[in-house]
Amino acid sequence: MIRFVLTRLLRAVMTIFAVVTFAFVVLRMSGDPAQVMLGPDVPQDAVDAFRKAWGLDQPLWVQYLAYIKSIFSGDFGVSMRDKVSALQLVLERIPATLQLTLPALLLKLLIGIPAGVYAALHRQSFADRGVILLAIFGFTIPSFVMGLLLVLIFSVILGVLPSGGQDTWMHSILPTITMSIGGIGILARFSRSAMIEVMGQPYIRTASAKGLKWSDVVWGHALPNAAVPIVTIVGFMVGSLIAGAVVVESIFSWPGIGRLLVVSVTNRDLAVVQCILLMIAATMVISNLVVDLLYGWLDPRLRAQTAH
Amino acid sequence: MIPNLVELRSLRVAFDGVQVLHGIDLDVGRGESVGLVGESGCGKSVTWLAALGLLPGKASVTGSVRIEGREICGGSRHVLEEVRGGRIAMIFQDPSSSLNPVIRIGRQITEALAIHRRLHGEAAKTEALRLMDMVGIPDARRRFDLYPHEFSGGQCQRLMIAMALAGQPDLLIADEPTTALDATIQAQILDLLVQLRAETGMAMVFISHDLGAVSQVCERVCAMYAGRIVEQGRMEQLFAEPRHPYTRGLFDAIPRIDGPRQRLIPITGTVPNPKNLPAGCAFSPRCGRAVEACRSDLPNLEPIHDGRRLACHRPVPVVSAPPVRTRTLEAV
């Protein structure tokens, strides 16, 4: 078990390392920060001075080694635009993003899973078809379309909810709904198919044949078996808590990580973009690790496999 | 008159409008052991899943299922839940997948004790350990908290039996309990069932296509074909002298280990599709003895003189004992 966790941790570190390297190289090859920051009409010596000041005149591998070294000492660099620590800039924005993504995650779980389970238990019924239809609708409509649609209905036509900004709790309603709809659809579909498969298993018939109450059969015997595929999907959702709001934050001018990322990429603010990508990779990797550990807890057969 | 323990009357089952069970009449007396034999798909298992309301929603079940005179067919969920496990318990073909893989074995047994005998906590655990011991799980105390995958197939079937016994049922339906097990384990499980029946006095319905196994545990046998019972009688009767050509065919297809080597006689053809059954007797297309009447009129299951019930226009003639007996009578 300990060995399993250690190998997974090592793999997690490798993954993050790969992401960091990739981001580093691609960012530097895709545009010159000096040009973007200073504008097109500055004289060449100003550009050179800028490059020298930020170490961009060094060969790529020298810059890379310096960067890796500073990461290990907890220094994520300084924003070229705001001249403050990139890490601080990013950390400041996290609460705003979580203010959207956490309630959205809660909505996905509380609506998606029960809807899927209900549909599975009432297969071929009107409710089942309704759930499938809504689920497909939910995850096929891109969030930028959904967001604009909601703005059109609730802000422009009805005028009951604000269309952007972060001033009151009312402001978070539309972005939260926009963000949760796709996830609700995905979870509903996965929960439904997982439950349908489990309900057809012989041990469910055994549980009924024992005389268990229907609700105990469903919640006590079926759902724990359907949990593995559901947890996998939820793991991805948790992993994207930090970065899942790029589009939605842009639509609703919400000052979170997503907006910061978009702005920083446009400005070629290298340290900030790298810091955000590192953060995204870390949350994704950690949540995957937690999911892997959960598998063993949920299904004793998998526990037996990982022990060997 | 004391009613039978369980009485099935014209039990019919249809899946999506396709009739698969065409009116089953069957009685099981207290403590009696009845075998149901027939090829796969003839409705052996469906009969009892239907009786206990365990078929999926798309199945429509009609007819009557009485337990000591009390009707349960079409009964409320509550009525059925009380019967399942408490009056009639059931064990299944594939023991390893019939136990819930993510629940500890001890809990799966105590769960049944809690429902049917209101046993909880230590009392339930003690009783569960006793049951595990009774069905021959060695070292039960240590293995109480293991999961099903940590037991072998034979042990899983023993655990299924322990779970079935937990509710102290009057009738145990054993649905092909040995089919998925290898030969030595099969014999052990059969012995266990015989022994438990002797100890508890419960009745048993043994569903199988293994006539050898049936002969070991049953007193009465019903042969089923295409959703109907075609012959029913005492075990020795059917084994000595099957009268329905289908029952006869089943016996002819068993290899013998005594006597000279002989070719097995298979029943030609396959079981008809329930969606389009032949007119008349469903077995007529595969039957060597079929005449015109067999292809047009459906024979009813009628009692015949020797006490068995038979559904056949042209039964296999009796060859052995009766003529001899007649001659003796004439001599007297």
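**Figure 1. Helix α11 of chain B against the sheet.** Helix α11 (residues 245-252) of chain B lies across β3 (33-37), β9 (220-225) and β10 (228-234) of chain B, and runs at about 105° to β9(B). Here helices (H or I, at least four residues) and strands (E, at least two) are DSSP runs numbered from the N terminus. The axes are lines fitted to C-alpha atoms, for helices over the stretch in contact, and angles run from 0 to 180 degrees between N-to-C directions. Two residues are in contact if their C-beta atoms, placed from the backbone, lie within 7 Å. The model is predicted: local features need pLDDT of at least 70, side-chain atom pairs count only at pLDDT 80 or more, and totals for chains, interfaces and linings use all residues. Residues are numbered from 1 along each chain as its sequence is written, while chains are lettered from A and ligands numbered from 1 in the order in which they are written.

**Figure 2. The open sheet of chain B.** Eight strands form this sheet in the order β6-β7-β8-β3-β9-β10-β12-β11, with mixed pairing; two strands pair if DSSP finds at least two bridges between them. At the edges stand β6 (88-91) and β11 of chain B, each of which pairs on one side only. β6(B) is joined to strand β7 (residues 171-175) of chain B in the parallel sense over four bridges, and B:Met90 has B:Ile173 as its bridge partner in β7(B).

**Figure 3. Strand β8 of chain B.** Six of the six residues of strand β8 (residues 203-208) of chain B are buried, so the strand is largely enclosed by the rest of the structure. A residue is buried if 20 or more other C-beta atoms lie within 10 Å of its own, exposed if 12 or fewer, and partly exposed in between, with C-beta atoms placed from the backbone. Both faces of β8(B) are covered, with B:Ala203, B:Val205 and B:Ile207 buried on one side and B:Met204, B:Phe206 and B:Ser208 buried on the other. β8(B) pairs in the parallel sense over five bridges with β3(B), where B:Leu36 has B:Ile207 as its bridge partner. Five bridges also link β7(B) and β8(B) in the parallel sense, and B:Leu171 stands opposite B:Ala203.

**Figure 4. The largest nonpolar core.** Such a core is a set of buried Ala, Val, Leu, Ile, Met, Phe, Trp, Tyr and Cys residues joined through C-beta atoms within 7 Å. Of the 161 residues in this one, A:Ile276, B:Met90, B:Ala162, B:Leu171, B:Met204 and B:Val205 touch the most other members. Its largest share, 13 residues, comes from helix α13 (residues 270-298) of chain A. Leaving aside neighbours within four places in sequence, B:Ala162 is in contact with B:Ile109, B:Leu131, B:Met132, B:Met134 and B:Val135.

**Figure 5. The surroundings of B:Pro299.** This residue is found in the loop between α12 (292-296) and β11 (302-303) of chain B. B:Pro299 is buried, because 20 other C-beta atoms lie within 10 Å. Beyond its neighbours within four places in sequence, B:Pro299 is in contact with B:Cys281, B:Ala311, B:Cys312 and B:His313.

**Figure 6. The contact of chain A with chain B.** The contact takes 21 residues from chain A and 25 residues from chain B. On the side of chain A that touches chain B, two or more residues come from each of α9 (202-209), α10 (214-239) and α14 (300-307) of chain A; the largest share, seven residues, belongs to α9(A). Within chain A, confidence is highest in α9(A), at a mean pLDDT of 94, and lowest in α14(A), at 71; pLDDT is the predictor's confidence in each residue, from 0 to 100.
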